[in-house]
Amino acid sequence: MILLAFIAQAIRIAIPYLLAASGGVITERSGLIGLGLEGYMLGGAFTGALASYYSGSPWIGLLGAVAGGVALALLYAVASIRYRADQVVVGIAVNLLVIGATRFFLRLAFHSSANSPRIPGFGAEQSGTGITALVGNPLVWLGILTVVFVAWLLYRTPFGLRVRAAGEHPAAAISVGVRVNAIRYTAAALSGAFAALGGAYLALDQHQFSAEMTAGRGFIALAATIFGRWDPLRAALACLLFAAAETLQIQLQGAQVIPSQFVEMIPYALTIIALAGVVGRAVPPAALGKVSE
Amino acid sequence: MTTATSEMPAAPPSTRRASIEEAVLPAVVGLLIAAIIGDILILSFGQNPGTVYRLLIEGTWGNAYGLGQVLYKATTLTFTGLAVAMGLRAGLFNIGAESQLAAGGFLAAIVGLALPMGLPSIVTLPVFILAAAIGGGVVGGIPGVLKAKFGAHEVITTIMLNFIVLALLNYLVAAHLRVEDSLHTANIRTGALPRLSNYIGAFHGSAANVVIFVAIATAVAAGWFLFRTRRGFELRAVGLQPDAAEYGGVNVGGVWWKTMALSGAIAGIGGLNFVLGYKHYYEEAFASGAGYLGIAVAIVGRNHPIGVVIASLVFATMSQGGLAVNAVVPKQMVDVLQAVVIIAVAASVPEVRRLLLRSRKAGQ
């Protein structure tokens, strides 16, 4: 029973990571750095909360989240591709933009720069840690399906082949007629949509948007993308690993075995170790961060 | 990202003017776009843009207290901006200024708590600078070594180290150093740095302190190092063409890790502004985004020490201006505008270069 509760809580923590990391894999495999994931998540959580609040339906909320995430991702993609801006700079700026904008519009819409009022979510109650709440939440299933979908998309479809070509050999891809920029815009939009759904999960689960509620989860998803070596299924495993560590920390909180700050470090430390390549180095897509001519 | 044209010796005046145009135009474009978006945000709040902008200027450059606060904020940003610019000159993107700043402030605080009470600041300041430089330099040097030895990309490792180092510092403060019911250490009772208000009474109440002179000295030293020394030349050569530099006998890996350590050290010294110039203790999360804004400062300042100083004043004015207008429109408006400036400048740099090149060709 304890094990079941543990798994339920770990999955609950993992869902936003799974969604955002799926977005991270697809954008980075196309050659666009996924530094904006945190911003897409937070932006999606906000527009999702707004849409859910004004429509009274969490499903409309999901649409609102996707719209917000896609808009932000396209802003990033247009600056990076059309205007050749440095992707690292724009990625960081998008995150700063969203932190400021969500607080600004929170105050405009609800006269508070901290929280929204209660919004409709899936399930009537605060979901708790139970299994029933978990299986009753459609976003949990969406998160799991997204991982499978992105794996299928990337490895089993012509679109996926083009995404990988755009990220590895854009010049070669262009020479055989692949419209690399169009592929990258699409990949960016998908990453914005998935990450935003991850953010919406948080807002709908807590029945509220609160400022900076994503609290660095987009960066954990980016860490999972890299630690999973830009592969959807391995990235998903990384998300589950990170979520399991967090769950362990929460459940051991009373015991004070390991200080929480050290558990917080786990995803980031593992990612650095993977990049430094102690066992089998993580090698990014060859054209990551470079704009094609 | 980096342009070396303006530093070529004996550049003809026309080239020099063109490169200044190339450096300044994107910032002008960025500020214009930000002003337009600012208008829209202010109007959406039902306020008059003219009134709000007037409030913003009056609350910053319009009185001595506001100006003091701008100078205080610009001091930290000058350090983080110089840190990022130093890295970019070598082709390295240091996203870790946030945690390097914190680590520098932390180590200086530890040293300050250990020193005997009541030492004069003329004695302690060099010690504090050294401690802060070591704190930031170690945090910056790690990703440099990881890149030089293992090829781990510094963008990701510096971001990841931000989270790791800040968590570690939070742990150390929470578990061992904090004053009960607070997030900060005990007061440092030695080597207090004078505030500017000690010399100019009108600055009374503002946090501006003598670390600003350290910032100016650091900017001058950075310019001298980059453009007047052999090592600075090697650093820029690595930034422009690492393969060619390697071929020309430069140890690229060595330049990488040393530059990252230097960059981290500069950011680390910035920690003195808050820890010893203002509060006299280390506080959790005191960096509060100044490291990330350092990226903006470096980009808008085009990685040149003079540009960095000007850009840090611009961003500090916006940050302080947000507080000045907060009663009328939410101060988060300036967070949005700062981000807009960054995106607009980053997006217009290549565009401006292309357009200037075209108009120059047409003019010949």
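Student: What makes up the secondary structure of chain A?

Tutor: In this predicted model, chain A has 12 helices and zero strands. Read along the sequence, the pattern is α-α-α-α-α-α-α-α-α-α-α-α.

Student: What share of chain A is buried?

Tutor: Buried residues are 57% of the 293 in chain A. To be counted, a residue needs 20 or more other C-beta atoms within 10 Å of its own. In helix H7 (residues 158-168) of chain A, the residues A:Arg162, A:Val163, A:Ala165, A:Ala166 and A:Gly167 are buried.

Student: Which helices do the buried residues of H7(A) pack against?

Tutor: They pack against helix H1 (2-29), helix H6 (138-156), helix H8 (170-175) and helix H9 (180-205) of chain A.

Student: What makes a set of residues a nonpolar core?

Tutor: The members must be buried, belong to the listed nonpolar types, and be joined through C-beta atoms within 7 Å. The largest such core has 232 residues. Those with the most contacts inside it are A:Tyr17, A:Ala45, A:Leu197, A:Ala224, A:Cys239 and B:Ala346. H9(A) gives the largest share of this core, 17 residues. In general, nonpolar side chains tend to be buried together in soluble globular proteins.

Student: Which residues is A:Tyr17 in contact with, leaving aside its neighbours within four places in sequence?

Tutor: The partners of A:Tyr17 are A:Arg217, A:Ile220, A:Ala221, A:Ala224, A:Cys239, A:Phe242 and A:Ala243.

Student: How many residues of chain A are in contact with chain B?

Tutor: There are 37 residues of chain A in contact with 38 residues of chain B. On the side of chain A, helix H4 (87-110), helix H10 (217-227) and helix H12 (260-276) each give two or more residues. H4(A) gives the largest share, 14 residues. By class, this side has 26 nonpolar, six polar and five charged residues.

Student: What is the handedness of the crossing where H2(B) passes H12(B)?

Tutor: The crossing is right-handed. The axes of helix H2 (residues 49-58) and helix H12 (residues 305-325) of chain B come within 8 Å and cross at roughly 120°. In this contact, B:Val52, B:Leu55 and B:Leu56 of H2(B) meet B:Gly321, B:Ala324 and B:Val325 of H12(B).

Student: Why does the contact of H2(B) with H12(B) have one polar residue?

Tutor: Gly counts as polar, so B:Gly321 is in that class. The contact has five nonpolar, one polar and no charged residues.

Definitions and conventions:
Residues numbered from 1 in each chain as written. Chains lettered and ligands numbered in written order. Predicted model: local features only at pLDDT ≥ 70, side-chain atom pairs only at ≥ 80, totals over all residues. Contact = placed C-beta atoms within 7 Å. Helix = DSSP H or I, 4+ residues; strand = E, 2+ residues; numbered from the N terminus. Buried ≥ 20, exposed ≤ 12 C-beta atoms within 10 Å, placed from the backbone. Axes fitted to C-alpha atoms, helices over the stretch in contact; angles between N-to-C directions. Left-handed = near helix turned anticlockwise from the far one by under 90°.
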